Amino acid sequence: MSFYPSPVRLPAMRAAVFMVALLGNFLHGAAGAAHAAGVAELGRLLALHPLLKAPPRDPGDVLSREIHLGEDAAFPTLFSIPGFVAAHCGSCHDGEALLDAAAWRAAKALADLRRERAALAPVPLRQVIIQPWADELLRPGQLAHTTFDAIRWFPASILIDEKAYGGATHLHEALHLTQSFVGPANELEAYGLNILRDPRFVFLNYPYFEQVIRTFFVPDFSALLDAFFARATRENLLVPKEVQWFLGEFDADARDRVARGIEKMRPLLAEASRMNREHPLEAAYLTEQTGVASLLLDIAAARLLPQPTVDVPAQVREKAFSVLAGQFGRNDNTRLGYRIDRRKEALMHLEHGVKLKNEGQRAKLYFHFLNQRFSGEDGEVDLTPADQEDFAEFVKRKLAQVRKLSEFQGMTELEKEAGKRMIEKIQKSLPQATPISGRPLGSHPGEKINP
């Protein structure tokens, strides 16, 4: 049986939320969100919303309602607050007003996503759960978690997203609902939406963007990154340090330069998204196998931008490509469960083993290598894993993880049903294991490497 009782339908609310969704099309960036709060004020609000130590004992302690988030919606979305009484939410809030506000935020996120990605299929948001306790599905420190056609939130997380991030997390999670597999490639795509709305997200999530933005757009980005995180934070507040850095004053000129660089990255972000959409299993595998969270963006930059000039002797270039090919061909991350950044390992070896001391030249050689490695015979991008057997085993392991999550006892019936659908879809896409049938690392016959 579902943890949630049958909800009550309110037709009037359906119409109201649909109007909000329409208005969302005209609200740009964070303009439609509440005014940003100061760090101290946000800390006070977070202190008023502590988590329960455990789920409520009474399964009937839940406030819920089905709401259509658009006139053409094929299904309603179930909004619920389990533990509403146990968490004493009613002492400060009207429950129906909380559900209305949750529906408004969800409708706006869907409208914003539709504006940013008009080609996306309808978002399967069937459930929004405001969860006042932590568990395996929503861990401490997480803002939100997309499961199967559902998004789970802490009450405090909603405050952070509304008062600091301007709804960016809602947009981020809505995009996750449209992705067909799992892994860091999905996070790259979602954070790509966030940085287009606010450049501060490129600092908070720099591992996904630093190599590209520093090599091609903002050469001093590393120094700006150090300055961003060097600002003092307050230890006596419940506000996470990341939120304090986001809200704190920062060099306006630096932010503007980074914003201009991000705007120039827009085609690269679109291409990284396309690769993830069209090749979700390969994108997930290659990202984890190499340990490079930014891999799809790096490949897009290598292929779409003019190749940077490499000023090193031919023998150094050959050694560099050999080192990069060796690192990118290793399967320790997928076979043994390591988390080793093969790009970082390769660039360190170029510095100390090959004695290539110029950091800029090392980075340029990396992008030349990517252009060679991931270009097919037809000139199109080729994400074929070199080791098809390892690829197939990787997907099977991920499928087992998805199945385990779908069977977690805290899952609702809606989530379980959606989990089954996702598992069936992945099973149909499982690659057949054939030993080392992909193109090997290195240039294909007749290919020349241009500096």
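**Figure 1. Asp 149 counts as buried, at 14% relative accessibility.** Buried means under 20% relative accessible area, exposed means over 50%, and partly exposed lies in between (1.4 Å probe, protein chains only). The model is predicted: local features need pLDDT of at least 70 and side-chain atom pairs count only at pLDDT 80 or more, whereas totals for chains, interfaces and linings use all residues. Residues are numbered from 1 along each chain as its sequence is written, and side-chain values use heavy atoms, leaving out hydrogens and water. Asp 149 lies in the loop between β5 (144-146) and β6 (150-153). Its phi is positive, near 60°, in a residue other than glycine. Most residues other than glycine have a negative phi.

**Figure 2. His 88 also has a positive phi, of about 60°, although it is not a glycine.** The loop between β3 (77-82) and α3 (95-116) holds this residue. His 88 has a relative accessibility of 59% and therefore counts as exposed.

**Figure 3. Gly 166 occupies the loop between α4 (155-163) and α5 (168-176).** With a relative accessible area of 9%, Gly 166 is buried. Asp 198 is 32 residues away along the chain, and the C-alpha atoms of Gly 166 and Asp 198 are separated by 9.3 Å.

**Figure 4. The chain contains 20 helices and six strands.** Helices (H or I, at least four residues) and strands (E, at least two) are DSSP runs, numbered from the N terminus. The chain has 451 residues, of which 51% count as buried. Where contacts (heavy atoms within 4.5 Å) join residues at least 6 apart in sequence, 74% of them link residues at least 24 apart.

Figure 5. The buried residues of α12 are Leu 268, Leu 269, Glu 271, Ala 272, Ser 273, Met 275 and Asn 276. The end C-alpha atoms of α12 are 18 Å apart, which agrees with the 18 Å that its 13 residues should span at 1.5 Å a residue; the expected span is 1.5 Å times one less than the number of residues.

**Figure 6. Helix α14 is mostly covered, with eight of its 10 residues buried.** These are Leu 295, Leu 296, Leu 297, Asp 298, Ile 299, Ala 300, Ala 301 and Ala 302.

**Figure 7. Helices α15 (residues 314-328) and α18 (residues 359-373) cross at roughly 65°, and their axes come within 10 Å.** Axes are lines fitted to C-alpha atoms over the stretch in contact, with angles from 0 to 180 degrees between N-to-C directions. From α15, the residues in this contact are Arg 317, Ala 320, Phe 321, Leu 324, Ala 325 and Phe 328. They meet Leu 365, Tyr 366, His 368, Phe 369, Leu 370 and Gln 372 of α18.

**Figure 8. Helix α19 (residues 388-406) packs through its buried residues against α13, α16 (332-335) and α20 (413-429).** From its first C-alpha to its last, this helix of 19 residues reaches 27 Å, close to the 27 Å expected at 1.5 Å a residue. Among its buried residues are Phe 391, Phe 394, Val 395, Leu 399 and Val 402. Asp 390 and Lys 398 of α19 are likewise buried.
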